[in-house]
Structure formats: structure tokens, C-alpha cells
Amino acid sequence: QHVAELAGVSRATVSAHLNKTRYVSPELAERIEAAIKELNYTPDPLARALKLEDRQTIGLIIPVLSQFYTPMIRAINEVAHQNGYDLLLSSSEEDAGRERDLLEMYVAKRISGILLGPCSEENQDLLAEIQRSHTPVVQVNRKIAGLEADSVVSDTFRAAYQATQHLIERGRRQIAYLGHDPTTLCNAQKKEGYDAALRARGLEGDLVITVKEHDGAQIAAALYAFIDSARPFDAMICTTQGKTAIALRILAERGIDVPGRVALIGFDDTPWSGLLCTPVTVVSEATYRMGEEAANLLLKHIQAPEPQPPEHIVLETEFIVRQST
């Protein structure tokens, strides 16, 4: 209002000049700019965005803040920046209620689109409703099978099958699996790949160590209990970076030699995996590329004039054999 009065124009003309919604003559534009300078006026970007419905923001909800997601976040942020979008990042911490609150908050903020690593299937109906309201959703790293939404995931079934098969080919028959959390979507495909590879060789899959995902203390306690149960095992597959680190520490503490007594495979390569005294064999997921693919897919839907059918991208993993097997 003050800018309009000082420039001697209407508020609508000031708004048109600031938001570039219609032509404003050079003379009027100069008067408006002079008034802005004199009044030291700074437009409120949030108010402008709400007024214009300018939702140049994409939202990312990951299940947990961990090193695994860092390359993915970096890729998504880069793609968003290159296309003139901002990135809003949140973590559900594997809590379906918190995930729901975040989804509702993103919708309330008129977000352009949502990238989601779902923690469970509980919010499937809400996600379907969000898509019907023309806010696109892309699932990343995890996938709700019954949800008609795009997805970008790794082929973790094949990766776990290959890892288990590798151990069997190295003469291992009692392969422990650390760890399975039936309450989350995390690692479901890995567990199925592990089971399938054992079945293919007629072996029992009864060495599964159930854990609470991302709870380091509980994971360690579960592994201690497994070792103390004296159940024989000659190999172990660890489904995340964190579990690999915990397993290596506890096995060393208990004097269990890797790979002499127990061969070990971890998921997710790290800078330290190849630098240990016994470098670790790992399954490496292309998390940076996963972020790129997901972000580009989301922007494709945001910018499409009409709704597009969902796409499902499955990325191959890399199996890196080192001395731990």
C-alpha cells in the first residue's frame, strides 16, 4: 500500500510489476522501483507464493537420517536447484503417524510434489488421496506394492540372492541374517532374496536375527543374544551400514575371526569398507542415481499438462567382493 501511494499508482499495478503478471510501462516501473528503494521495501516471498500459488518446492520424506540417504539427498537437491525448485526435507523416523503428519503438512504448504521413502503401508489411502488432488508422489528406495505411484528402487531381491549364493559357493551353509524388522518396509526384498537363495540350495533359513531398525543398542543386544545362544553359523549378511559396523565390532570382541570362522557381507559400500584390516565384501546401491531418477521423474509429473501413468524404475546394484568372504 505504501509503495503504491508513494509511486502514485494502484496496488494492482505494484503487484503486476513485482510478480510480472502483466505489462507495466517503463515509466510506471521506474516510479515503483524508486518508491521501493525509498521505503526500503522487501517483498514477502511466502505471501507472494500463496497469492500466486507459486509452489516451486518439492518435499522429501525419508525414513531416517542416515549416511545411506546422504548421496540421494545431494542428488535430489541438485536436480531441484537446476530446475528452479527448492527442497524441503523431513524424516519420519520409521513412524507411520509422524509420516502422516508430514504428508499433511506438505499438502498444506501447497508443495509441488512429494518424494517419499515409505516406512509402512499405513498411509496408502492418504497417499492415493494426495495424488487424486494432483500432487504427484514418487516412492524412493522403498515401495508400497498396492499404491499406484511412481517408484525408484534398487533390485535388492537380486542383490541379497547374489550375496547369499556367493556365500554358499564359498562353502558356507549356516548363513545368519542381521537383521529383519517385520514392522517396517525396510529390507523386505532383501529378506525374500536371502530366503529364495537358501531354498534353491535346499538350505534352512532359520538363522534370522530380528531387530528394531535403526536402533543400534537393540541391534547389538540381539546379536549378542544370538551369539550367546551357541547356534552355529559360518557366515553373516548385514542389511545396512550400521549393522555391518555393529557386527564387525561384536565379532571381533568375541574373538570370532572374519573370514576364517565367519564370512561376512554388508549392504551399502562406505569409505571404510575397503580400508579395514579385513576389507568387507559389500552390496553397493546407486543411491545418488536413485535420487536423480526420482527427482527427474517427479518434475516430469509436476510439469506434465495431464496426469501420466506411473513408472517403476529398478536400479541394479554392484556386488564388490573383498577379503571378508
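Which strand does G179 lie in? G179 belongs to β6, a strand made of residues 175-180. The points below concern a predicted model.

1. Overall dimensions. The protein chain has twelve helices and twelve strands. Its radius of gyration is 26 Å, whereas the globule rule gives 20 Å for 325 residues, so the chain is more spread out than a compact globule. Along the principal axes, the C-alpha atoms occupy a box of roughly 85 × 40 × 30 Å.

2. Burial and contacts. Of the 325 residues in the protein chain, 49% count as buried. The protein chain exposes about 16,000 Å², and carbon and sulfur atoms supply 49% of that area. Considering contacts between residues at least 6 apart in sequence, 70% join residues at least 24 apart.

3. Strand β3 and its neighbours. Strand β1 (residues 57-62) runs parallel to β3, and four bridges join the two. Within this pairing, I58 has G113 of β3 as its bridge partner. Strand β3 (residues 113-116) is also parallel to β4, here with three bridges.

4. The crossover from β3 to β4. Helix α7, residues 124-132, is the helical part of a β-α-β unit that also contains β3 and β4. The unit is right-handed.

5. S90 and M105. S90 is in strand β2, which spans residues 86-91. Its relative accessibility is 12%, so S90 counts as buried under the 20% cut-off. Leaving aside residues up to four places away in sequence, S90 touches L60, I61, I62, L102, M105 and Y106. M105 is in helix α6 (residues 96-108). With a relative accessible area of 29%, M105 is partly exposed. With the same exclusion of sequence neighbours up to four places away, M105 touches L88 and S90. The C-alpha atoms of M105 and F319 are 39 Å apart, and the two residues are separated by 214 residues along the chain.

6. Aromatic pairs. How many aromatic pairs does a search of the whole structure find? The search finds four. One of them is formed by F68 and Y69, with 5.0 Å from centre to centre and 90° between the planes. The pair is edge-to-face, because the angle is over 60 degrees. F68 is buried at 12% relative accessibility, and Y69 is buried with a relative accessible area of 3%.

7. Cis peptide bonds. L178 and G179 are joined by a cis peptide bond with omega of about 15°. G179 is the β6 residue named in the opening question. A cis peptide bond also joins V258 and P259, with omega of about 5°. P259 is found in a loop, between α11 (241-253) and β9 (263-267).

8. Positive phi values. E94 is a residue other than glycine with a positive phi, near 60°. E94 is placed in the loop between β2 and α6. At 17% relative accessibility, E94 counts as buried. N141, likewise a residue other than glycine, has a positive phi near 75°. N141 is placed in the loop between β4 and β5. Its relative accessible area is 17%, which makes N141 buried.

Methods:
Residues numbered from 1 in each chain as written. Predicted model: local features only at pLDDT ≥ 70, side-chain atom pairs only at ≥ 80, totals over all residues. Heavy atoms only, no water. Phe/Tyr/Trp six-rings, centres within 6.5 Å; stacked < 30°, edge-to-face > 60°. Buried < 20%, exposed > 50% of the residue type's maximum accessible area, 1.4 Å probe, protein only. Pairing = 2+ DSSP bridges. Right-handed = clockwise from strand over helix to strand, strands pointing away. Rg over C-alpha atoms; globule rule 2.2 N^0.38 Å. Contact = heavy atoms within 4.5 Å. Areas by Shrake-Rupley, 256 points an atom, 1.4 Å probe, with all protein chains shown as cover.
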